[in-house]
Amino acid sequence: MQRKQLALAILMSCAGLAPNAYADDAKLKAEVEALRAEVAELRGLVHEMQAQRTQPPTPAAPVSGQSIAATAAPAAPVAANAPTAPAPTQPVATTTAGEPIPGTGGSGVALGANTSFWGYGQLDYNRPTARAGDTVADLTRAVIGFNHVFDENTRVYGEIEWEHAVASSSDKGETEIEQLYVEHALAPNYGVRVGLMLVPLGLLNEHHEPSNYYGVERNFVEQAIIPSTWREGGVAMYGSTEWGLNWNVGVGTGPNLGAWDPTADEGRISPLGSIHQELQLAKARDPSIYAAGNWQGIPGLLVGGGIFTGKIGQGNATLPVNDSRLVLSEAHVRWQPGPFDLSALYTRGTISNTQDLNLQFLGQPTPVPKSFWGGYVQGAWHALAWGNDSSLSPFLRYEMFNTAASYATQPFGLGTAPLPTQRVWTVGANYYLNPNVVFKIDYQKFHYEDVALSYGNRFDLGLGYQF
Amino acid sequence: MIAGWSLCAGKSRNVSHGLRAALCALLLAAAPGFVSGGGNTVPAQAALSALGQKIFADESLSASGKMACATCHDPKFAHAQNNALAVQSGGANLDVPGFRSVPSLRYLNLNIPFFFANDGTPTGGFNRDGRANDLVAQAERPFLAAHEMANGDAAAVVDKLSRASYADEFRGLFGADVFTKADTAFLAARYALSVYETTEPQFRPFSSKFDLFLKGKLRLSEQELRGYALFNNPNKGRCAACHLSTRQANGDPPVFTDYTYDNLGVPRNAEIPANDDPAYFDMGLCGPERTDLANRSDLCGQFKVPTLRNIVTRKVIFHNGYFKSLREAVQFYVQRDTNADKWYPADGDGAVHKFNDVPPLLTRNVNTTEGPYDRHPGDAPALSEPEIDDVMVFLATLTDGYDPATGTADPARDLPKQ
C-alpha cells in the first residue's frame, strides 16, 4: 500500500538525519538539501492523498487493523477497531506516517523519532432557554496525549485530561488519565494491550474528540447509557480480518455497585457513569469481559456492536450486591453515501438482583435500575466546502433514552416508578475551519424538563480542536 | 505508663491535633520516663477506657457528691437523660438549672472537630453548638460549670480524684506524682473519659432492629418499611437529608445524623428558667454559650443535628426539650408552617408569634426553604397523620439492644454485664 511506503520513507529519512553520522560540513549540507527536497516531495504526496480521501469513499481495504510492524511509523498505529473515518466530514487526521491516531483523529507532533504527542480541547457555552440564569461557559476539557514507540512491535499510549479549567481540592475541575496502555503487536494483524483502555462500545467512546462528532455536546445516549469516556483497566486483544472485521476483546475491571449513591442525582443521569471506577484504586474482585467488532467490508459503511458484562459487587462485605451482574450491549451503523453521513445506535443495559439493595434505599430518589436503554438516529450533510480545508455540515439528531426504564419490584408496592423516557431533538451545524478546528452550534429540544438532571431546552455554542 | 506512649505516638484518634501535642507535652513533663515504657497500645486503651468508665460513673467528683456524668447521661437511656425535665439542675445543692436538654452520647464516634464545609455548612464539633473541638475539651465544662458538677476549677476536681477508689490506677497510668499537678491530672482524667466514650462498644453498638435489617438478617414489617420510605423520600419526610439513613462510603451503618446544623424554629420552652428573661435567647452557634461565632448572625438559632438512633427512648426532644412526645415533634416538623397556630402562642392582638424562640429580627434564619418544612398555610403537610404513624413505627426500629426472640429493644442490653 502506498501509505505504508510513505511511512517507511519518512521513518528512514528521520533516521538518516541522525547528527552523528556526518563529519564533513559541506557533505552534510548537501545531504540536508537532498533530504529537504525529498521531504517536500513527500509532503506533496501526503496532500494528494488527503485530497483523495475527502472524495466520496474510494474502494479500499479497511485502514485499521494494521499492525505496528506493518506501519513502522514513529507515531501511533491504527486502533484495530477504529471506524474508517473518525472525523465526520473531514480528511482523517494523520500521524507523520499518514496513519490516523487511534482515539484522536489529530495529526500529533513528533518529538524525536519514537515519541509524539497530540491533543484536543473543547470550550462550550450552554444557555438553557427557560432559565438564562443557568447559562454556563466552560473550558470543558483540554487533553494532552502521547505515543511512544519502543520498537517496531511495542508502544505505550496515554491521554491526560483536565476538565473545567481549574482542578484542585476546592475547585470543580478534575485531572485524569483517560487512557494509558502498552500495546504489543503479536502479528501483522493482531496484538495485545495492557493498561487503562477505552471500552470499545458505541461510535463515540473511543473517538470522543470534538471534531469527531456533531453537536456541541456528546450525544446523550453515549453519555447516559454508555458512560463516555468509559475506560477500564485490563488486558485486551485486538485485530483485523481480511474481510474487513476489526475486533477487540478484553477482560478487566468493571463498575462497583457498592459505590451506588441512592441520595444523589448521578445515578439517574448515568447509571454506569455513577459507578465506573476509572482505575482509581478500583475494587477489582470481579472481572468483567467484553467483545466488540466493527465491520467495514463495504466502503463508506460501518456496522458494529459489542457487549460488556461482569459481576459488579466486587466482594462488598456489607451491601447485598455480590450477586448483581451488569450486561450492556450495543449495536451501531454508520453509512456515508456521497455527501451524507448517517448513523444510528441502540444500546441497552441491565443490572440483575437489585431487590435487596434497593430495599435498603427505599424512598430514596435514586435506586439502582434494573434496565436502562437508549438509541439515536442522526443525519448530517456535508453541504458546503471552501477550498481544501473549510466545510459546513448541518445535522439533525433524534435521541430516546431512559436511565431507569425499570426497577426490581419491592414488597408492599413500595417500589419506585420508572423514569419517563426522555426524547431529545438536536439540530445544528459543525463548521470546520480546517479539519482539526471546528466551531459548533446547536439547539436541543427536550421532551420533558428536569433541572436536577440538566434536561431542558437549550442553545449551545462550542469550539473544538485537535492536533 | 503505656497510655502516654499511645497518645504521643499519634495512635489516638479521639483527640484533635493541637490538643494531642499539649496533652503529650504535659504528660511528658509529669512523667518523663513513660515514653520509653512502650508496649502494646491495646491494653493501654483498655486500661484507659476502664479508668474512664469509673470516672464517668463517679458521683463523688461533683460539688454535690451526687452527680456524675452518668447521672445526666444515663447508660440505660442510651446515655441521655432519664427524666422528662427540659433541663437538669446541678451545683452543690442540685438546684442550679441548666440551659439545654441532655443529648445522647451514643454514635458520636464519627463526629469531628467543628469546621465550615466548602459550601459554608457548619459541621462537626461537640455540644449542641459544636463549641468543643473534641471530647477532651468537651469534658471540661461538666466538671466545672455551676449548673453541672460545679467544681469551679481543676484543682477541686483533682483533689476529689486523688481520693477516689481508683486513684492508684490513675497513678499507675499517668505517673506517681500526677495528682501534684492539677492541670495535668485534670487533662489526664478527661483523656481517659474520651477514650472510654470512643472505644467502648456500648457507645455505638449498632444493635437495633434496623441494623439487623441492613445486614439482611431480618425483614422489616410493611409499616416499618413504609415509614422508612417516607423518612427517606425527598418529597415526603425528607428526614434522611440530615438524618442520614444509608450506609456510609466505608460500609459502616448510618448514624442518622450528618453532624451539620440547622434552625428548625422550635417553640420557646417556658419550662427553662433562663427563658423567664424575655431578652434571653439560646441561639446555638452564635451564642450565648458559644462565643466565637457571635458576629455570624446568619447562624443564630442553628443547633447540631442529633442522631435519631434510640430516639424513642428520649424523654424530651430538641435542644430545649420543648416536646415530650416524639409524635408531636414529628407533627411539628410537617405542620409548623401549615398550622402555625398549633405550635406557637398568639400575641395580644391574636397574631401567631411564629418562631418565638428566635429574636424577632432573626426569624428569617429559620429554615423555611427545605422539605419537610417548606410548606405554607393551606398546603397539605409533608406527611399525613397515618404517614406520621408509619414514620413513628420506623423510628422505633432504631433502638439499640434489639432482641429478635421477643421483638423488643432496650439500649440497656448493650451495657457490659455487671
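Predicted model: local features only at pLDDT ≥ 70, side-chain atom pairs only at ≥ 80, totals over all residues.
**Stop 1: salt bridges across the model**

Let's begin with pairing between charged side chains. Side chains of opposite charge can pair when their charged atoms come close. Over all chains, the count here comes to 42 salt bridges. We will visit a few of them.

**Stop 2: a buried pair in chain A**

Select A:R231 and A:E178, and show their side chains. These two form a salt bridge, and their closest N and O atoms are 3.3 Å apart. Now colour the strands they sit in: A:R231 belongs to strand 7 (residues 231-240) of chain A and A:E178 to strand 5 (residues 174-187), so the pair ties together parts that are 53 residues apart in sequence. Are these two residues buried or exposed? Both A:R231 and A:E178 are buried.

**Stop 3: two helices in chain B**

Move to chain B and select B:E140 and B:R190. Their side chains meet in a salt bridge, at 3.6 Å from N to O. B:E140 lies in helix 6 (residues 140-144) of chain B, while B:R190 lies in helix 9 (residues 182-199), so this pair links parts that are 50 residues apart in sequence. B:E140 counts as partly exposed, at 36% relative accessibility, whereas B:R190 is buried, with a relative accessible area of 7%.

**Stop 4: a pair and a network**

Staying in chain B, select B:R336 and B:D337. A salt bridge joins their side chains, with 3.1 Å from N to O. B:R336 is buried, and so is B:D337. Next, select B:R100, B:D129, B:R131, B:D282 and B:E289 together: salt bridges that share partners join these residues into one network.

**Stop 5: where two domains of chain B meet**

The domain assignment of chain B gives domain 1 as 3-203 and domain 2 as 209-273 + 305-411. Where they touch, the contact takes 34 residues from domain 1 of chain B and 25 residues from domain 2 of chain B. The size of an interface is often given as the accessible area lost when the parts come together. For domain 1 and domain 2 of chain B, the buried area is about 2200 Å², with 61% of it on carbon and sulfur atoms.

Which residues in domain 1 of chain B lose the most area to domain 2 of chain B? Select B:A86, B:Y107 and B:L110: they lose the most, together 28% of what that side buries.

Now look for polar links. Between domain 1 and domain 2 of chain B there are eleven residue pairs in polar contact and one salt bridge. Select B:R106 and B:D400 to see a salt bridge whose closest N and O atoms are 2.9 Å apart. By class, the side of domain 1 of chain B that touches domain 2 of chain B has 15 nonpolar, 14 polar and five charged residues.

**Stop 6: where chain A meets chain B**

Finally, show both chains. Their contact takes 16 residues from chain A and 18 residues from chain B. Chain A and chain B bury about 1400 Å² between them, 62% of it on carbon and sulfur atoms.

How many salt bridges are counted between chain A and chain B? The count is one. Select B:R219 and A:D356, which form a salt bridge with their closest N and O atoms 3.3 Å apart. Eight residue pairs are in polar contact between chain A and chain B. By class, the side of chain A that touches chain B has nine nonpolar, six polar and one charged residues.

How values were computed:
Residues numbered from 1 in each chain as written. Chains lettered and ligands numbered in written order. Heavy atoms only, no water. Salt bridge = Lys/Arg side-chain N within 4 Å of Asp/Glu carboxyl O. Helix = DSSP H or I, 4+ residues; strand = E, 2+ residues; numbered from the N terminus. Buried < 20%, exposed > 50% of the residue type's maximum accessible area, 1.4 Å probe, protein only. Domains from an automatic or database assignment. Contact = heavy atoms within 4.5 Å. Buried area = accessible area lost by both parts, 1.4 Å probe. Polar contact = N/O pair within 3.5 Å; in protein donor to acceptor, adjacent residues only side chain to side chain. Nonpolar A, V, L, I, M, F, W, Y, C, P; charged D, E, K, R; others polar.
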